[in-house]
Amino acid sequence: MDRPIHKTNSGQIKVVLNGEKRNVPDKDNEILFPDIYERKIPSQHVALKEIEDELSALVGLDSMKKVIKEIYAWIYINKKREEKNIKAERQGLHMMFKGNPGTGKTTVARLIGKLFLKMGVLPKGHLIEAERADLVGEYIGHTAQKTRELIKKAMGGILFIDEAYSLGRGGEKDFGKEAIDSLVKHMEDKQHEFVLILAGYSKEMDFFLTLNPGLQSRFPLVISFPDYTIDQLMEIADMMLEEREYILSQNAKIKLKDHLGFIKATQTTFSNGRYVRNIIEKAIRAQAMRLLLDSSYERNDLITLKSRDLGLNDDH
């Protein structure tokens with residue numbers, strides 16, 4: 001049965017956000033076993049509904065709704081088991097996000113923090129963003145100190161470390177390994193006091209897990225973020241433009257869509273929404289310069305980005 005979640009031999013739960021829906025050839029089965037994810041959530045689950053509303057405003061991440069529901073249900077039912085004196089062992093909620101930049105990892109981490117706050121899982125639910133430089137020190141003992149201070153800031157919330165695999169780079173004298181060891185210790189000692197989310201490219205994160213024997217078992221949730229499709233990237237562009245009160249001319253739309261198709265097909269690492277945002281922001285600056293030089297200040301001129309403003313060569 002195709003589902004967005006499956007367990008690995010290590011006990012991790014892997015979540016793939018671009019999983020396809022299962023085809024059910026038997027109409028009777030289709031009636032007897034409706035998609036539980038499409039069913040309406042009971043009204044008392046206000047926290048989940050609020051987070052779902054925020055997710056619905058984002059492009060893509062459709063399958064993330066299923067993931068959020070499963071995490072919510074997992075925690076909620078465990079609480080009900082405790083109330084009935086049924087064994088319900090508290091599980092760590094540390095996560096690993098795999099995917100290219102600009103695929104919504106930080107946004108989802110922030111929403112998970114909000115959800116955990118509303119559910120009483122985390123007392124603060126805030127998000128602390130960090131990278132290698134925030135963890136790795138310059139001398140012996142400095143790294144452990146910096147890591148402790150960072151985790152202290154994240155207590156009651158989420159510590160989100162982007163490009164976490166960079167901690168494993170460097171030679172024998174590099175202090176990145178010390179940062180990893182320190183993180184593993186705090187994940188165990190304070191596993192119910194904060195949530196650690198490590199993020200980065202898929203292959204690099206797989207290698208990162210091999211650097212410390214205790215790493216893999218401490219991430220019960222591994223979530224893969226696929227690249228956006230061309231249509232989704234164009235939708236992201238439209239949303240960014242609408243927010244800023246701009247539109248693309250028809251030729252500009254065609255040019256942007258063609259360019260995004262070329263980049264996605266030729267680049268192994270693609271920054272998705274971030275890449276689109278950079279194009280839009282550069283185009284707005286180019287349009288401003290063009291209008292200034294042409295002394296064109298009619299309303300349609302002021303809101304329209306033309307093909308030449310995108311700064312994309314015809315030959316890519």
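Author: Start with burial. A residue is buried when its relative accessible area is under 20%, exposed when over 50%, and partly exposed in between, using a 1.4 Å probe and protein chains only. By that cut-off Asn272 is buried, because its relative accessible area is 0%.

Some ground rules. The model is predicted, so local features need pLDDT of at least 70 and side-chain atom pairs count only at pLDDT 80 or more, while totals for chains, interfaces and linings use all residues. Numbering starts from 1 along each chain as its sequence is written, and side-chain values use heavy atoms, with hydrogens and water left out.

Asn272 is found in helix H11. Helices (H or I, at least four residues) and strands (E, at least two) are DSSP runs, numbered from the N terminus. Asn272 has a phi near 50°. That value is positive, in a residue other than glycine.

Now move along the helix. H11 covers residues 272-294, and Arg290 is part of it. Arg290 is buried too, with a relative accessible area of 12%. Its side chain makes a polar contact of 2.8 Å with the side chain of Asp309. A polar contact is a pair of N or O atoms within 3.5 Å; within protein, one must be able to donate a hydrogen and the other to accept it, and residues adjacent in sequence count only if both atoms are side-chain atoms. Beyond neighbours within four places in sequence, Arg290 is in contact (heavy atoms within 4.5 Å) with Thr304, Lys306, Arg308 and Asp309.

Compare Glu163. Glu163 also has a positive phi, about 50°, and is not a glycine. But Glu163 lies in the loop between S5 and helix H7 (176-189). Glu163 is partly exposed, at 42% relative accessible area.

Gly156 is buried, at 4%. Leaving aside neighbours within four places, its contacts include Leu122, His126 and Phe194.

Finally, the whole chain. The protein chain has twelve helices and nine strands. Of its 316 residues, 45% count as buried. Among contacts between residues at least 6 apart in sequence, 73% join residues at least 24 apart.
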